[in-house]
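The notes below follow the order in which I looked things up.

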Amino acid sequence: MNRIDETFKRLKKENKKAFITYVTAGDPDIATTKKIVKSLAASGADIIELGVPFSDPLADGPTIQRAIQRALKGGSNVRKILKMVRELRKDVDVPLVFMTYYNIVYNYGIRAFVKDAKKNGADGIIVPDLPLEESEELVKNAEKENFYVILLAAPTTPKERFRKIAARTRGFVYYVSLTGVTGARKVLSGELNKKLRVLRKLSKKPICVGFGVSGPKQAKETAKAADGVIVGSAIINVIEGSLKEKNRIPGKIERFVKPIARAVHSV
């Protein structure tokens, strides 16, 4: 069984929702990212997304765009990130999921990317610019390796299309809470919970919500209707605010993340 499925199975037994975090791999450098991932795992993250930096991140807002630029400037690339994941697996058991753009996977070689990602300890991948209709080749190669391709749905996704996405995705459906790019928001759509209740009737796959969640209160409200809550830009903001004191970043991340993890797990 894939670690992602094992995680949702455990959480269901514990009657908890999933707390999922995102960081850009290599921001501000690979060594610090390793420490951040360990802090996230120790602070209650059930699944950790690792952004593989790409020069044209269409789905990302200014916060993650800056993180990607810092990572690229620091020399982060696929092979260094794979090595980092392999080293992290000595200490970290939570599922690690890549989030990147299709150009990265395609240029590396679809089959080779999947095999190398799995071999080094990654559990799946999210590709925001890969639509359902063009996902077959990646999904086919991933299924051979028990490596999960996690597909996205949005507020504008029709019910029938959502059913198709849910049927093909593995692990969970990544539900984008709003139309637009990533970024922490003070207020999420008031329609979010109502839409999630409708979508959960269309599939038994877990639905996890990302884009915009920035604190414990939002996370708790979102977790009431979702199966999991994803926090990314708000964590990147903590990193960005501490770039001159990199050694303090893991501790600051831990203090920031723990209350959100408690909020999600308390629902």
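Predicted model: local features only at pLDDT ≥ 70, side-chain atom pairs only at ≥ 80, totals over all residues.

Leaving aside residues up to four places away in sequence, I found Phe 98 touching Leu 50, Val 52, Ile 81, Leu 82, Val 85, Phe 113, Ala 117, Ala 122, Gly 124, Ile 125 and Ile 126. I then looked up the core around it. The largest nonpolar core has 91 residues, and Phe 98 and Phe 172 are the ones with the most contacts inside it.

Next I turned to helix pairs. Two packed helices are described by the angle between their axes and the distance between the axes, so I noted both values for each pair.

Entry on H2 and H12. The axes of H2 (residues 30-42) and H12 (residues 249-265) cross at roughly 30 degrees and come within 9 Å. An angle under 35 degrees counts as roughly parallel, so H2 is roughly parallel to H12. I recorded the crossing of H2 and H12 as right-handed. H2 contributes Thr 32, Lys 35, Ile 36, Ser 39 and Leu 40 to the contact, and H12 contributes Ile 249, Pro 250, Ile 253, Glu 254 and Val 257. I sorted the residues of this contact into six nonpolar, two polar and two charged.

Entry on H6 and H7. H6 (residues 110-119) packs against H7 (residues 136-144) at about 40 degrees, with the axes 9 Å apart. H6 and H7 are therefore oblique to each other. Their crossing is right-handed. From H6, Ile 110, Arg 111 and Val 114 meet Glu 137, Leu 138, Asn 141 and Ala 142 of H7. By class, I noted four nonpolar, one polar and two charged residues in the contact of H6 with H7.

How values were computed:
Residues numbered from 1 in each chain as written. Heavy atoms only, no water. Core = buried A, V, L, I, M, F, W, Y, C linked by side-chain atoms within 4.5 Å. Buried < 20%, exposed > 50% of the residue type's maximum accessible area, 1.4 Å probe, protein only. Contact = heavy atoms within 4.5 Å. Axes fitted to C-alpha atoms, helices over the stretch in contact; angles between N-to-C directions. Helix = DSSP H or I, 4+ residues; strand = E, 2+ residues; numbered from the N terminus. Parallel < 35°, antiparallel > 145°, perpendicular 65-115°, else oblique. Left-handed = near helix turned anticlockwise from the far one by under 90°. Nonpolar A, V, L, I, M, F, W, Y, C, P; charged D, E, K, R; others polar.
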